[in-house]
Amino acid sequence: MNGVALAVFIFFFLAVTVMGFLAARWRRAENEHSLDEWGLGGRSFGTWVTWFLLGGDLYTAYTFVAVPAAIYAAGSAGFFAVPYTILVYPLIFTFLPRLWSVSHRHGYVTTSDFVRGRFGSRGLSLAVALTGLLATMPYIALQLVGIQAVLDVMGVGGGETTHWFVKDLPLLIAFGVLAAYTYSSGLRAPALIAFVKDTLIYVVIAVAIIYIPIKLGGFGAIFDAAGDAFAQVNPATGKPRGSLVPGEMGQWGYATLALGSALALFMYPHSITATLSSRSREVIRRNTTILPLYSLMLGLLAVLGFMAIAAGIKVKNTQLAIPQLFEDMFPDWFAGVAFAAIGIGALVPAAIMSIAAANLFTRNIYKDFLKPDATPEQETKVSKLVSLLVKVGALIFVLTMDKTVAINFQLLGGIWILQTFPALVGGLFTRWFHRWALLAGWAVGMVYGTAAAYGVASPTQKHFGGSSAEIPGIGEIGYIGLTAFVLNALVTVVLTVVLKAAGAPDGVDETSPSDYTADAGDPGVRTELPKVTEGAGH
Amino acid sequence: MVTPVRVVIALCLAAPFVAMLWVGSYAKADPAFAGIPFFYWYQMLWVLVSTALTALAYRLWQRDQRVRRGGGAK
């Protein structure tokens with residue numbers, strides 16, 4: 001066990017725990033018992049807080065572990081994360097401000113709220129909410145996998161023979177603490193902790209990208225070593241391990257994965273929660289110009305995967321490649337800082353994801369279907385409880401099932417969440433689509449995506465072995481999510497034409513065109529919450 | 001309404017898609033930069049280029065909105 005690294009890790013962990021609880025007092029509004037307050041931080045965050053919050057939210061511990069791990073395992077194919085995050089920002093520049101505006105005018109907390117208001121369809125709204133919940137749960141579980149990777153490398157928890165309770169105790173403690181301060185502070189806790197997380201991450205990356213290449217003899221030597229390693233033929237598959245540059249065959253897969261993932265990212269409930277917590281429309285547009293800083297970091301981080309090869313790291317579980325690289329390369333105390341960065345990097349998104357999932361349940365299942373007359377206090381209470389349940393669920397998932405199950409589900413989650421794109425982004429720009437057509441398109445996309453992913457085999461798994469399969473009609477290998485999305489869009493368009501011709505009843509649209517361009521300060525736009533004297537009945 | 005400024009904004013936002021999805025244009029190892037194969041440094045460069053383009057789109061859009069509000073009914 002690495003005592004110094006562990007001590008540094010525990011120090012940072014305690015520091016953010018204190019911050020998490022104190023966060024409840026940060027920028028507190030008078031009226032704290034509403035979902036806007038607990039679940040969206042009072043919708044009051046400015047440019048920089050939003051930047052840290054979104055960065056802390058989107059670039060998760062799992063990202064830090066998995067992206068370089070993918071590079072370590074197979075080379076260039078794993079680098080798709082960089083074009084993916086490049087494409088996200090021009091994309092959200094076009095539609096996110098519209099979502100912010102309409103949500104502020106109508107008090108929407110989730111994307112399903114918007115879909116219900118826009119299309120007057122509780123069924124479509126429920127479909128979006130369920131997809132969001134399904135996609136978020138395994139994502140939370142993967143954050144735990146990230147923490148576990150770090151704990152494993154530090155040697156905490158003992159070996160295979162240790163009693164399961166002792167072995168999992170550190171994880172249980174970490175999650176218990178996380179659950180407690182999310183419960184008490186809501187979105188403010190991850191927003192505040194995100195400052196620490198991102199600062200640590202940036203420091204660790206900056207040091208790693210300079211210090212490790214010096215030790216390994218420069219980037220030329222690193223890529224040479226990686227190129228040699230990838231060229232070696234794997235006896236199990238009869239193919240080379242990977243490549244430094246994608247060949248002709250891999251290019252469709254590379255491009256479709258980048259595009260599909262970019263389209264999917266802001267369909268995730270936790271991305272939207274962080275977006276809606278911002279103070280104004282401008283904050284979001286401005287953020288699209290500063291968020292790419294994180295993409296730069298992600299690219300550098302990906303290169304760590306090559307360094308792990310050049311440094312001769314040999315791990316059976318590729319997820320451990322980067323923590324092991326830190327352990328081997330850095331002095332003990334700095335390895336502790338790096339581990340803390342990853343560990344805290346798991347806490348921030350896990351908190352935001354559980355809040356987002358809780359909001360979805362409360363607004364679109366509890367309030368829409370179970371208790372339509374729920375007061376804001378009741379909504380907040382339910383949301384807080386559900387945020388706990390969601391985390392317990394994720395914990396049980398990770399502790400009882402094989403890690404690959406969580407990874408498979410997360411892969412499916414990406415395919416699934418992309419199927420809500422037509423309803424959400426389509427709805428932001430046009431009311432032309434018919435609600436039933438959107439629902440049918442969603443169903444087709446979900447079924448096709450799940451079936452296609454089930455059919456993918458890998459050397460280690462019979463099903464869900466990857467996220468790419470042959471695109472019907474084109475014959476190239478491409479991202480299943482994107483193929484499903486195209487099918488979804490086609491079905492939606494065709495059925496809309498048919499349903500309109502047949503005169504199927506259209507839902508009531510409660511929004512008006514000016515709602516989509518409203519900004520803070522315009523009439524009817526909710527900015528900060530009403531002060532306590534106005535009561536909770538807003 | 002389509003104005004020249006809006007066309008430029010659209011081009012700024014569309015350019016990264018063309019550049020990044022055309023994988024064939026950058027799937028090669030040479031020329032390397034400081035030992036890093038072309039494939040990697042080119043995409044990293046595009047992080048900066050697309051940031052600059054999005055920032056430009058943001059400035060133009062802000063100006064466009066000001067002109068529209070200033071020159072509108074009021």
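A residue counts as buried if 20 or more other C-beta atoms lie within 10 Å of its own. That cut-off is used in the legends below, which describe a predicted model.

**Figure 1. Helix α15 of chain A sits among other helices.** Helix α15(A) covers residues 321–329. Seven of its nine residues are buried, so the helix is largely enclosed by the rest of the structure. The buried residues are A321(A), I322(A), P323(A), L325(A), F326(A), E327(A) and M329(A). They pack against α4 (61–74), α7 (122–154), α9 (188–216), α14 (292–310) and α16 of chain A.

**Figure 2. Helices α12 and α16 of chain A cross.** Helix α12(A) runs over residues 269–276, and helix α16(A) over residues 332–370. Their axes come within 8 Å and cross at roughly 90°. That angle makes α12(A) roughly perpendicular to α16(A). From α12(A), the residues in contact are P269(A), H270(A), T273(A) and A274(A). They meet residues of α16(A) that include P349(A), I352(A), M353(A) and I355(A). Also on the α16(A) side are A356(A), A357(A), N359(A) and L360(A). By class, this contact has nine nonpolar residues, three polar ones and no charged ones.

**Figure 3. Chain A meets chain B.** The contact takes 30 residues from chain A and 26 residues from chain B. On the side of chain A, five helices each supply at least two residues: α5 (81–106), α10 (218–231), α11 (251–265), α13 (281–290) and α14. The largest share, eight residues, comes from α5(A). The residues on the chain A side divide into 19 nonpolar, nine polar and two charged.

**Figure 4. L169(A) lies in helix α8 of chain A.** This helix spans residues 164–185. Is L169(A) buried or partly exposed? L169(A) is partly exposed, because 15 other C-beta atoms lie within 10 Å, while a buried residue needs 20 or more.

**Figure 5. Chain A as a whole, for orientation.** The C-alpha trace of chain A spans about 65 × 55 × 45 Å along its principal axes. The secondary structure of the chain comes to 21 helices and four strands. With 538 residues, a compact globule would have a radius of gyration near 24 Å; chain A has 23 Å, which agrees. Buried residues make up 57% of chain A. Among contacts between residues at least 6 apart in sequence, 82% join residues at least 24 apart.

Note on methods: Residues numbered from 1 in each chain as written. Chains lettered and ligands numbered in written order. Predicted model: local features only at pLDDT ≥ 70, side-chain atom pairs only at ≥ 80, totals over all residues. Rg over C-alpha atoms; globule rule 2.2 N^0.38 Å. Buried ≥ 20, exposed ≤ 12 C-beta atoms within 10 Å, placed from the backbone. Contact = placed C-beta atoms within 7 Å. Axes fitted to C-alpha atoms, helices over the stretch in contact; angles between N-to-C directions. Parallel < 35°, antiparallel > 145°, perpendicular 65-115°, else oblique. Nonpolar A, V, L, I, M, F, W, Y, C, P; charged D, E, K, R; others polar.
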